[in-house]
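Visitor: Could you take one part of this structure and look at it closely, with the criteria spelled out as you go?

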Amino acid sequence: MCGIVGIVAKSHVNQTIFDALTVLQHRGQDAAGMVTCEGNRFYMRKDNGLVNEVFRTRHMKRLMGNAGIGHVRYPTAGSSSAAEAQPFYVNSPYGIALAHNGNLTNADELIDQVFRDDLRHVNTTSDSEVLLNVFAHELQAQGKLVPTADDIFKAIARVHERVTGGYAVVAVITGYGIVAFRDPNGIRPLVYGKRETKQGDEYMVASESVALDTSGYTRIRDLAPGEAIFIDMDGRVSTRQCANNPRLTPCLFEYVYLARPDSIIDDVNVYKSRMRQGVSLAEKVKRERPDHDIDVIIPIPDTSRTAALEMANHLGVMFREGFIKNRYIGRTFIMPGQTERKKSVRRKLNPIELEFKDKVVMLVDDSIVRGTTSQQIVQMAREMGAKKVYFASAAPAVRYPNVYGIDMPAADELIAHGRTDDEVGQEIGCDWMLYQDLDDLKESVRSGNSEIEDFDTCVFDGKYVTGDVDEAYLARLEAKRNDAAKNKKVVETNSNESACLQNKID
C-alpha cells in the first residue's frame, strides 16, 4: 500500500505533486519522493519521513520541470531504509524514473533474470527497482532512438508477461512523457484525470481520485486491469490494453480501510460502500440478536465512522463519539514493529468517560488485524465504566497474509488465524465479537459497480488471484515480514546510518 502520482502540465509540477502526495499520505508514512523532468534532465528528492518533512523549500526550488512523478512509501517485504525510498532511476535507455504501489510475487525470480539475462544490476531489496529494470530492458529491446507510444506499450506488454503480483506503476521517461499501467488483475488502484488551463490541457495519474479532486483535475476514469497510458510532454494521451487476459479483481481491503472515503475506485464511491457495510452489520445484529441490549454505538476513529453511523441509524441506537484521536500519531496498522504499535494506541486515542459509563457499548472498527489496538481499546472502555463491551468489525476476520502490497504480517501474528470469532472475542476481551460476512462485504462494494467480476479477498479466505502463491512462498514471506525480522532490520539500518554518520565526522 503506497501512493503514486504522475503529472504532465504546462508549468512547474513540483507544488501540485507535493499537494497530491500530502492528500495520499494515508497510503504511506514511511518515506516520500519526487522526480521532475525539465528538458532532458531529471531532478530528484526522496528520503524517509512524511511529505512535509522530506520536501523543504530548498528542495522544492530545485525540482524544476513540467512533468514529474511522486511516491509515498509504506514498507512491505523490503527494507525501510532511505535508500529504498522511491522513485528509482536508471539512465538507460533514455533515462527512466519509476514509482510503484504493490508487490511482485515473483520478485526473486526476476532478480535472477535481470542479472543473468538482462545484464542489469539491482542495488536494493525493493521489488520496485526490479520492476523498473524489467521495464527499462523491454523498452530498450524495442531498439528505437526516439520511442513512440507503440514502442512503450509493447514494452509494457512484455512486462505483464514477465511480472506477476499486484502493481500500479507510474514512470517518467526523460524528455518524452509520463507512463502508467496497472496489473492484469487490477488489484491496486489507478485513475487519471484532466485539468483545463489557458495554456492547454494538463493530466494527472494517481492512486486515488481524491488526489485529482484537490488539485482541480476532473476524473476521467480508472485505468482498466492491464491497461497502460502514455502522456507525452505536449499533453497528447494514448491508452492501450497491454495484457492478454485482464480481469477486474480489485483489492477488497481498499474499500474497508486503505482508501480515503472521498475517493472513487473502479467507479465505486468508497464512502457509499462503507455506508452499506454499516447497514449489513446492522442486519447481522438483527439476525443474531434481535433482542440486543446495545445502548450506544461508538466508532474507532477514523475509517470506521461511516459504517458505525449507518449501523446505528439502521438499528435505531444512539451514535456517539467516544474516543478523541490525536491526529499527530500515525496509523497504527502501518507502523513497523509490534512494540511501536502498542505504545501508539494509548497516545493515539483518549476515551470520553461520559459515553461509556454504565452503558452497553458496541465498538465498531474497520477491521482487526493483529488485535493489538482492539484489545487495548476494549480495556479502555471497561476502565471508563462500560457495563458490557461488544466489538464489530466492518470486515470479515483477517486470517491470511496479503502478498500484493499490504504489510499484513505472518499468519501466526494475525489474531484471527486459527481462531473462531468467539475465540477472537475472548482474546481481545469483549463480550460479543461480530464480524462482517464476506459475501455482504463484497455486495457492499459491487452494488456500486456491477461490472466488478470478483475481488482480491486473500486476507479473508486465503485465495490468491494471481495463482502463483503457495505455502513455500508464504513461508519465505513470513521470514521477511514477522516482527522479529523487522526489528533486526531496524537495528541493522540504525547501525549502518550511524556508521555513515561517523565516517562523515571522521
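Guide: What follows is a close look at one pair of helices. This is a predicted model, in which local features need pLDDT of at least 70 and side-chain atom pairs count only at pLDDT 80 or more, while totals for chains, interfaces and linings use all residues. Residues are numbered from 1 along each chain as its sequence is written, and side-chain values use heavy atoms, with hydrogens and water left out.

The pair consists of helix α4, residues 107-116, and helix α5, residues 127-140, helices being DSSP runs of H or I with at least four residues, numbered from the N terminus. Their axes come within 10 Å and cross at roughly 45 degrees, where an axis is a line fitted to C-alpha atoms over the stretch in contact and angles run from 0 to 180 degrees between N-to-C directions. The two helices are therefore oblique to each other, a class left over once angles under 35 degrees (roughly parallel), over 145 (roughly antiparallel) and 65 to 115 (roughly perpendicular) are set aside. The crossing of α4 past α5 is left-handed, that is, the near helix is turned anticlockwise from the far one by less than a right angle.

On the α4 side, A107, L110, I111 and V114 meet D127, V130, N133 and V134 of α5, contact meaning heavy atoms within 4.5 Å. An α-helix has 3.6 residues a turn, so residues three or four places apart point the same way.
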